[in-house]
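Biologist: I am new to this one. Can we go through the terms and check what each rests on?
Modeller: Gladly. Here it is.

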Amino acid sequence: MSDDSPVTSVDVCVVGGCGRVGLPLGIAFASRGLSVVLYDINAEAVATVNAATLPFAEPGADEALAEAVAAGRLRATTDPVSVGASEHLVVVVGTPVDEHLNPDLGAVPRALERCAEHLRDGQLVVLRSTVYPGVTALTEKLLAGKGIRADVAFCPERIAEGRAMTELFALPQIVAARTPAALARAEKLFRHLTEQIVPLEPEEAELAKLFTNTWRYIKFATANQFWMMANDFGLDFARIRHAVAYDYPRAADLPMPGFAAGPCLFKDTMQLAAFNRNNFVLGHSAMLINEGLPLYLVSRLEDRFDLSELTVGILGMAFKGGSDDPRESLAYKLRKILALKTRETLCTDPYVADDRFVDLPEVLRRADLLVIAAPHEQYARLETDKPVIDMWGLTGQGVRV
């Protein structure tokens, strides 16, 4: 279906709908029989979706997208008029922090401002983005100030990349609204995906999402700090962690070390810190540990090798294993540091497309030293006689550096 198709009444319009959060959500609703339009300012992504092709990797979504497009239940558009045709409007735009680690409170309001003239009374406006506490109230105020009598709800996304088409149906949905009517409408909408609904007040739900991501970020920082401690004493953290967690449920969630990155965890930890007047010692400590990991890693390499004489290959540039998403990946920070220290630095990734990258066989041939920066499963079976730095424990050869 073309982008300029006439606007018809639909059940759901997803604002920012061709991204990694909005598109799986739209596909999920369409798979349950709802009619969905995805409004997005990225014309290239819109054209890709309308051609029934995913603009990114998400297991299980490709077939469901093709089916939804073919059945006429899902289409994408750059036309803001589309927001006025839906009963339910779901906003999933990104909510970044700036270069000073301050939250961008205007991301959601700006998205609504772009299409405000097409909003109408009686719609349910659902915020799905992870927002700074108070943005739901700010949205209510914005709509009221424009004379739009709409219900507003906050229902945060909870999926992990690569698991969207499972978790959208399996995980409980947090649903929050100021009025019983808005809460009931939001609950009815998300019961198309799951029967497990957790009702909260909007500010409670805003904090619940920030707490969730921050908790994961702090857990990763804890594992990374433990790894550095063990490593500095010449001990293998992987063996210690195995002993700690073996048939011991209270320690089963202790992660392995590795780069804690991506577009959410660090950013949302900083949003929570800003909310608490930057009085968040635990969160800031986690940031120093996780963001400092590439520096620590290179420092340890300098203790063992004369990096100035070596070509170093970085394996994996995505922010996590099995992903094609390079956003906020600490592999790029590692590359920047190594570029100052080494004779040459080579990068490769089986999923992330970049003209500057080289194929894995060439990296294995040219590099003197290999560093696994993203734990793609392909790297668990490396056949090489070069030293391999594997803090993830992917190769099963220990994690000492």
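Biologist: Which residue in S5 does Val 90 stand opposite?
Modeller: Val 90 stands opposite Val 126 in S5. Bear in mind that this is a predicted model.

Biologist: What makes S4 and S5 a pair?
Modeller: The cut-off is at least two bridges between two strands. S4 and strand S5 (residues 124-127) are joined by 4 bridges. So they pair, and they run parallel.

Biologist: How do you know that S1 pairs with S4 too?
Modeller: By the bridges again. Strand S1 (residues 10-15) has 5 of them to S4, and two are enough. These strands also run parallel. One facing couple is Val 10 and Ser 86.

Biologist: Why is strand S4 called mostly covered?
Modeller: Buried means under 20% relative accessible area. In S4 (residues 86-91), 5 of the 6 residues are buried.

Biologist: Where does S5 go on its other pairing, with S6?
Modeller: S5 and strand S6 (residues 151-154) share 4 bridges in the parallel sense. Val 125 has Val 152 in S6 as its bridge partner.

Biologist: What makes S3 and S8 the edge strands?
Modeller: Start with the order, S3-S2-S1-S4-S5-S6-S7-S8, in an open sheet of 8 strands with mixed pairing. S3 and strand S8 (197-200) each pair on one side only. On average, neighbouring strands are turned by 25° against each other, direction ignored.

Biologist: Why is the unit of S4, H4 and S5 called right-handed?
Modeller: Point the strands away from you. A right-handed path runs clockwise from the first strand over the helix to the second. The unit made by S4, helix H4 (residues 107-114) and S5 is of that hand.

Biologist: How do you know that the buried residues of H3 line one face?
Modeller: In helix H3 (residues 61-70) they are Ala 61, Leu 65, Ala 68 and Val 69. Seen down the axis of H3, they fall within an arc of 95°, so they line one face. In general, an α-helix has 3.6 residues a turn, so residues three or four places apart point the same way.

Biologist: Which residues are exposed on the other side of H3?
Modeller: Glu 63, Glu 67 and Ala 70. Exposed means over 50% relative accessible area.

Biologist: What covers the buried residues of H3?
Modeller: The cover includes helix H1 (22-31), helix H2 (43-50), strand S3 (74-77) and helix H6 (164-170). Just after H3, Gly 72 takes a positive phi of about 80°.

Definitions and conventions:
Residues numbered from 1 in each chain as written. Predicted model: local features only at pLDDT ≥ 70, side-chain atom pairs only at ≥ 80, totals over all residues. Heavy atoms only, no water. Buried < 20%, exposed > 50% of the residue type's maximum accessible area, 1.4 Å probe, protein only. Helix = DSSP H or I, 4+ residues; strand = E, 2+ residues; numbered from the N terminus. Arc of directions from axis to C-beta. Contact = heavy atoms within 4.5 Å. Axes fitted to C-alpha atoms, helices over the stretch in contact; angles between N-to-C directions.
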